[in-house]
Amino acid sequence: MTATPPSPAGADPSGADPTLWAVVGATGTGKTGLSLDLAAALRARGRAAEIVNVDAMQLYRGMDIGTAKLPVGERRGIPHHLFDALAVTEEAAVAWYQDAARRTIGDIHGRGADAILVGGSGLYASSVLFDFRFPPRDERLRADLENELERHGAAVLYARLRAADPVAAERIDPRNGRRVVRALEVLAQGGETHGGALPESPALWCPQTRVIGTAIPRDELVPLLDSRVERMWADGLLEEVAGLRRDGLERGVTASRAIGYAQALAQLRGAATEAEAIAETQALTRRYARRQVSWFKRYEDVTWVDPREVDAGVLVESAAAYGPVTGAGGGNL
C-alpha cells in the first residue's frame with residue numbers, strides 16, 4: 001500500500017501550504033546545484049525545505065563517485081533523504097521506492113517544510129509525482145518465469161510477450177530479462193499491460209506540485225558528460241568499485257548494472273582496458289541522457305531552465321505569483 005497524498009500541516013511563517021517541488025532532467029544538467037539553490041531561496045523566504053533523492057543509483061551506499069553523489073559536507077546543512085538507503089546487494093524496486101519516497105514527503109510536509117524531489121530516474125520520479133499504481137506480484141509465478149529465463153534465455157520469453165502484448169513489448173529492451181519476466185507476470189494475472197510507463201493522462205499525487213526541468217543544449221552537454229566520466233576514473237572510481245566488489249557488488253542485480261560500475265567491473269576482471277571502459281561508459285551515458293530527455297519532455301507543466309543562467313529566487317517568486325497547481329494540466333510556473 002502506498003502513502004496517501006500529504007495534506008498541508010504545520011504552517012510555516014509565510015502562511016503557505018507545503019509544496020512538493022521536483023527538479024528533473026538529464027544527467028549532468030545541474031539538478032543537484034539547482035536543488036540546493038532552490039532550498040536556500042525558500043529558506044530566505046521563511047520556508048524550510050528538505051531534499052529527497054530520485055536517482056535510483058544514489059540509493060546505494062558506497063556508490064558515490066560513479067553517481068556524482070553530493071558529499072554530506074557539501075549539502076549546506078539541508079536535510080537529504082533516501083541517499084545511501086540500500087546495500088549494493090539489494091534490488092532497487094520502483095514500487096518500494098514509491099512508498100518510501102511518498103512517506104518521506106508526507107513526513108516533511110508534516111513538519112511544515114517543502115520537499116524537493118531531485119534526480120533523473122524517470123520512472124521513479126513519475127511513480128511519486130503522479131497517481132501511478134503498480135500491478136500485484138505473484139512470487140511463485142515469477143519464480144517459474146525466472147527459471148524459464150535461465151533455461152531458455154530472454155529472447156524466448158520476449159517473443160511470448162510480443163505475441164501477447166505488442167505495446168508492452170515495444171517499451172522493453174528484449175535483452176532485459178527482468179523486465180520481460182515482470183511483464184509476463186502481470187499479463188498472467190490478468191493485467192492488460194506491463195504498467196511500467198507514464199500514464200497517458202497523469203494526475204498529480206500531491207496537488208501542490210511544481211516541476212522544474214533542467215536542460216543544457218546537447219552540443220554543450222555531450223563534452224561535459226564525456227569529461228565527467230574521465231574525472232570519475234581520475235577521482236578513483238576503479239578503487240571504489242574494487243571495494244564494493246568485496247561488499248558483494250557483483251551479486252547485486254541492479255547495482256552491478258549501473259553505468260560506469262559495470263564497465264569498471266569489466267576492467268577489474270580484465271575484460272576491458274581502462275580506455276575501453278571509459279569509452280563505453282561515455283557512450284552509454286550519452287544514450288541515457290537522450291532517454292531521460294525523451295521521458296521528461298512528456299511531462300506537462302514543466303518550467304525548463306538552464307541552471308547556469310537561472311536564479312532560484314526567481315523560480316520561487318514566480319511560483320508564489322502563479323498560485324497552486326491543481327492537476328497535470330494546471331499551468332507553468
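**Questioning the labels in a predicted model**

Biologist: Why is tyrosine 97 called buried?

Modeller: Its relative accessible area is 0%. Buried means under 20%, exposed means over 50%, and partly exposed lies in between (1.4 Å probe, protein chains only). Tyrosine 97 is therefore buried, and tyrosine 124, at 8%, also counts as buried.

Biologist: What kind of model do these values come from?

Modeller: This is a predicted model, in which local features need pLDDT of at least 70 and side-chain atom pairs count only at pLDDT 80 or more, while totals for chains, interfaces and linings use all residues. Residues are numbered from 1 along each chain as its sequence is written, and side-chain values use heavy atoms, with hydrogens and water left out.

Biologist: How many aromatic pairs does the structure hold, and what makes the pair of tyrosine 97 and tyrosine 124 tilted?

Modeller: There are three aromatic pairs. In this one the ring centres are 5.1 Å apart and the planes stand at 50°. Rings of Phe, Tyr and Trp (its six-membered ring) pair if their centres lie within 6.5 Å; planes under 30 degrees apart are stacked, over 60 edge-to-face, and the rest tilted. The distance qualifies the rings as a pair and the angle makes that pair tilted. Tyrosine 97 is in helix H2 and tyrosine 124 in helix H3, so parts 27 residues apart in sequence are tied together. Helices (H or I, at least four residues) and strands (E, at least two) are DSSP runs, numbered from the N terminus.

Biologist: What makes the pairing of phenylalanine 130 with tyrosine 299 edge-to-face?

Modeller: The angle between the planes is 85°, with 5.1 Å from centre to centre. Phenylalanine 130 is in the loop between H3 and H4, and tyrosine 299 in the loop between H11 and strand E6 (302-305), 169 residues apart.

Biologist: What makes Met63, Tyr97, Leu117 and Tyr299 stand out in the largest nonpolar core?

Modeller: Of its 51 residues, these four touch the most other members. Strand E1 (20-25), helix H2 (94-110) and strand E4 (114-118) are among the elements that each supply at least two residues, and H2 gives the most, with six. Another core, of 21 residues including Leu34 and Val316, lies apart from it. A nonpolar core is a set of buried Ala, Val, Leu, Ile, Met, Phe, Trp, Tyr and Cys residues joined through side-chain atoms within 4.5 Å.

Biologist: How do you know that the buried residues of helix H5 lie on the same side of it?

Modeller: The buried residues of H5 (154-164) are Ala154, Leu157, Tyr158 and Leu161. They cover an arc of only 100° around the axis, which puts them on the same side of H5; the arc is that of the directions from the helix axis to the C-beta atoms. The face turned away from them carries the exposed residues Ala155 and Ala163. The buried residues pack against helix H4 (139-152), helix H6 (166-170) and helix H7 (177-188), contact meaning heavy atoms within 4.5 Å.

Biologist: Why is lysine 297 said to lie over the ring of tryptophan 304?

Modeller: A charge sits over a ring if NZ of Lys or CZ of Arg is within 6 Å of the ring centre and within 35 degrees of the ring normal. Lysine 297 is at 4.5 Å from the ring centre, over the face of tryptophan 304. The charged end of arginine 75 likewise sits over the ring of phenylalanine 83, 4.9 Å from its centre.
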